[in-house]
Amino acid sequence: MISSSTRHFLADTYLSFVFWTVLTSLGMCIWYYPLWHMGISGYEVALFSDMPAVILGVPAVRRVLRRHRWVCAAIGLTGIAGYAAASPGARLLAVSIGTLGVVTGLLASLYEDKVAETGRLERSVQAWEAGLVGSVAVRMWFSTNNPAWVTMDARNGGWNRTAVALGVLALADVAFRRADADVEAEAAKKTDARVSRADDGDKRSAPWVGAGFGLGGLLFALHSLFSDSAIVGRWSWDGYPHTGPAPVPWGGIVVAALGAGFACGHRFDLTTQAAWWAVASAGAAALTLVSGWAGFGGGVVLAVYTASVTRGVLRAAARCPPGRTFGVGLLWYNVLVLAHVWVVAYEFVPGGPVLRERTWVVMAATMLSLLAGTRAARRSLVASGGGGVKTETLPTLVQADRRMARRVVAACVAAGVLAMAWRLPAATRTPTPYHADERLVTVGIWTVHFDLDNDMWLAEDLIMQAVRDLEVDVMGFLESDTERIIMGGRDWTQRVGEELGYYVDYGPSPRKHTWGCAMVSKYPIVSSRHLLLPSPAGELACAIHATLDVLGQQVDVVVSHNGQEENALDRRLQTTELARVMRESRNPLVFAGYVVTRPHSKNYRILFDGGRLSDVDPTDSDRWCQYIGYRGLKRTGYARVSRGTITDTEIQVAKFVVPPADAQAGAQAETEWQPSYVRVNASAYGAAYRFPQMFMGKGVRGHFYHVFDEPRYYD
């Protein structure tokens with residue numbers, strides 16, 4: 001039987017898990033609307049659903065919430081119970097209300113440090129830290145998804161009912177435990193201390209402006225960089241063969257770094273040192289500017305630092321006037337979130353060019369915020385003797401709470417590391433091509449709208465089913481970068497690689513300011529380059545130029561996402577650069593990309609003629625965005641498959657026979673295998689060369705052959 005104090009701590013830790021669940025889902029639910037509007041939609045105002053928490057500046061409100069902590073907890077649970085609503089708008093509303101509840105609950109708990117013997121603030125902050133590590137560990141088991149998000153349900157792997165049930169149990173524990181005010185009064189009597197009131201000030205107050213900025217910067221840093229174990233690795237991701245650390249297993253280092261930082265968070269005399277901030281700033285610079293292991297190492301250092309200063313920054317904020325301090329903190333957090341979006345969405349937002357491709361500005365502002373917060377903490381905590389207190393001088397209750405918190409955090413870290421070990425065999429197994437005996441490669445392209453379907457549910461299950469059923473060997477995914485706050489800070493390509501058996505190239509990292517283009521391949525990726533195409537006017541276009549080892553023959557694959565229709569200059573420059581890259585390649589090549597042009601138009605000619613490519617079917621006049629081209633391969637089939645309930649863009653797939661690996665034979669094949677546009681019946685080819693019958697007619701899951709109503713095959 002566990003003790004009441006342990007039960008209370010576990011309940012608070014779970015409610016902290018709810019905090020991070022709700023906060024990380026808010027961005028996704030908001031993003032659904034501007035994604036479809038292609039610009040500001042008005043729903044972005046939901047980002048500020050945390051701002052009403054400044055009502056804690058009213059003493060009467062603080063007193064009520066201090067005695068009835070269950071109120072905020074109950075409101076917060078709305079943010080995970082909203083999964084039951086089918087409407088995207090209803091789920092956004094539920095998460096917005098939940099955000100108000102969890103943020104207000106956190107900030108209310110910061111105003112409990114009145115009588116040291118109660119240890120309430122220490123306990124609350126440690127539970128909040130443990131909840132973050134627990135949330136990261138859970139997401140490591142679920143391939144970076146949180147099974148309690150309102151964008152998940154039983155159909156796509158959600159554990160929502162379990163999450164709500166555990167939330168109700170935690171809520172009951174909070175509701176029926178003794179009120180903090182009563183505990184404080186009892187402790188005050190034992191020490192002959194005056195019973196504090198919720199609206200009392202603290203004579204050792206910290207500079208409230210610095211404390212407020214520190215609070216906002218801390219919340220943003222933890223949310224944007226460390227709410228998932230894969231974010232740091234994807235920020236430092238680079239092309240093959242020197243990609244840097246893969247999410248599995250190296251995400252285990254990130255969660256361990258958080259645990260280590262939280263473990264030393266009570267040493268305010270050390271964590272608030274300017275030298276420690278300088279080391280962390282060097283790590284932040286490496287993460288922002290350097291690819292590969294060096295950037296990853298910088299991110300790990302930053303993780304330890306951010307976790308280590310959490311307790312000091314929060315305690316400093318607790319010693320300041322709550323209304324204005326929390327107001328500044330929340331407003332600054334929201335500004336940083338918007339800036340974090342503006343650096344990539346600059347074409348679609350007001351004032352966008354100011355922050356265009358300037359992630360370094362956002363990182364610098366975050367680090368300066370943390371400096372302000374730690375300086376405020378040093379002034380209020382260390383100067384007053386609160387830093388570096390020896391363990392034996394601490395109240396027994398505080399010592400016990402600290403030991404319990406460390407055990408819980410250590411258990412969460414161990415759970416995360418175990419998840420990495422469990423997933424490692426799937427993440428490192430050798431993929432098997434579908435029809436290697438026939439030297440057949442099926443290549444596809446699909447714009448997946450950031451893995452959110454048309455009804456605001458995570459779509460990777462449906463995406464994987466379509467890719468598996470089409471037997472695609474090499475797939476290009478566009479609009480694929482989801483390692484941002486507005487997309488939930490997740491990496492859905494991990495599941496594709498592990499469950500379907502693919503090598504994965506995530507493409508340009510989130511710090512490269514694109515919307516993302518990723519590639520998965522059944523064949524080994526020998527090398528790959530991540531290209532940022534010329535984009536002087538509009539959104540930054542990206543491409544992957546990869547070389548694959550296809551049964552001993554090197555084959556190049558180019559996947560690209562060009563700019564929008566409104567920017568003619570960008571599209572022409574981007575197409576010209578792609579043509580140059582492909583023209584200079586000496587290997588057989590397949591292009592699969594998003595070009596935004598009409599067949600046989602000027603940009604079309606630049607791409608295909610300038611790139612020495614053949615169109616997969618030049619008679620297909622009903623194209624605008626996606627195209628497939630090739631050179632040095634024998635194209636045998638081509639199909640267009642409707643999108644189903646996923647995204648607004650179809651799937652295009654083509655089948656190719658790869659020439660022999662012998663160099664002379666390969667050169668002869670490139671010369672002799674001239675494009676043939678003579679169509680033949682499917683019966684001209686064996687079963688391995690044909691597209692699946694399941695997509696004929698009405699198809700499956702909303703996917704069916706369209707435009708031609710059936711695949712096309714060529715002599």
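## A pair of facing residues

Let's start inside a sheet: Ala546 stands opposite Val557 in β7. Two strands count as paired if DSSP finds at least two bridges between them.

Before going on, note that this is a predicted model, in which local features need pLDDT of at least 70 and side-chain atom pairs count only at pLDDT 80 or more, while totals for chains, interfaces and linings use all residues. Residues are numbered from 1 along each chain as its sequence is written, and side-chain values use heavy atoms, leaving out hydrogens and water.

## The six-stranded sheet

Strands β6 and β7 belong to an open sheet of six strands, in the order β5-β6-β7-β8-β10-β9, with mixed pairing. Which strands stand at the edges? They are β5 (525–533) and β9 (614–615); each has a single partner strand, so one side of each is left without a neighbour in the sheet. Strands of a sheet pair through backbone hydrogen bonds, either parallel or antiparallel.

You can find both kinds here. β5 and β6 run antiparallel and are joined by eight bridges, with Leu533 opposite Ala541 in β6. β7 (residues 553–561) and β8 (residues 589–594) pair in the parallel sense over six bridges, and Val559 has Ala592 in β8 as its bridge partner. Between β6 and β7 there is a hairpin with two residues between the strands, and Leu551 in the turn has a positive phi of about 55°.

Strand β6 is mostly covered, with nine of its 10 residues buried. Buried means under 20% relative accessible area, exposed means over 50%, and partly exposed is in between (1.4 Å probe, protein chains only). Helix α19 (residues 568–584) lies across β5, β6 (541–550), β7, β8 and β10 (626–631), running at about 155° to β5. For such angles, axes are lines fitted to C-alpha atoms, for helices over the stretch in contact, and the angles run from 0 to 180 degrees between N-to-C directions.

## The eight-stranded sheet

A second open sheet has eight strands in the order β3-β4-β2-β1-β12-β11-β14-β13, and its pairing is mixed. Its edge strands, β3 (503–505) and β13 (679–680), each pair on one side only. Inside it, β2 (residues 474–478) and β4 (residues 517–521) pair in the antiparallel sense over five bridges, and Leu478 stands opposite Cys517 in β4. Helix α17 (residues 460–469) lies across β1, β2 and β12 (651–657), at about 150° to β2.

Strand β11 (residues 634–641) holds Arg640. Is Arg640 buried or exposed? At 6% relative accessibility, Arg640 counts as buried. Leaving aside neighbours within four places in sequence, its contacts (heavy atoms within 4.5 Å) include Asp620, Asp622, Glu650 and Tyr705. The C-alpha atoms of Arg640 and Arg712 are separated by 9.3 Å, although the two residues are 72 residues apart along the chain.

## Two helices to follow

Helix α6 (residues 160–176) has 17 residues and reaches 24 Å from its first C-alpha to its last, close to the 24 Å expected at 1.5 Å a residue. That expected span is 1.5 Å times one less than the number of residues. The buried residues of α6 are Asn160, Ala163, Gly167, Ala170, Leu171, Asp173 and Val174. They cover an arc of only 155° around the axis, which puts them on the same side of α6; the arc is that of the directions from the helix axis to the C-beta atoms. On the other side of α6, Arg161, Leu169 and Phe176 are exposed.

What covers the buried residues of α6 includes α1 (4–37) and α3 (70–81). Helix α1 is itself mostly covered: 27 of its 34 residues are buried. Helix α1 also bends by about 25° at Trp31, and a proline, Pro34, follows within four residues. The bend is the angle between axes fitted to the seven residues ending at a residue and the seven starting there. Just after α1, Met38 takes a positive phi of about 55°.

His435 lies in the loop between α16 (396–428) and β1 (440–447). His435 is buried, with a relative accessible area of 17%. By contrast, Arg379 in helix α15 (residues 359–382) is exposed, with a relative accessible area of 56%.
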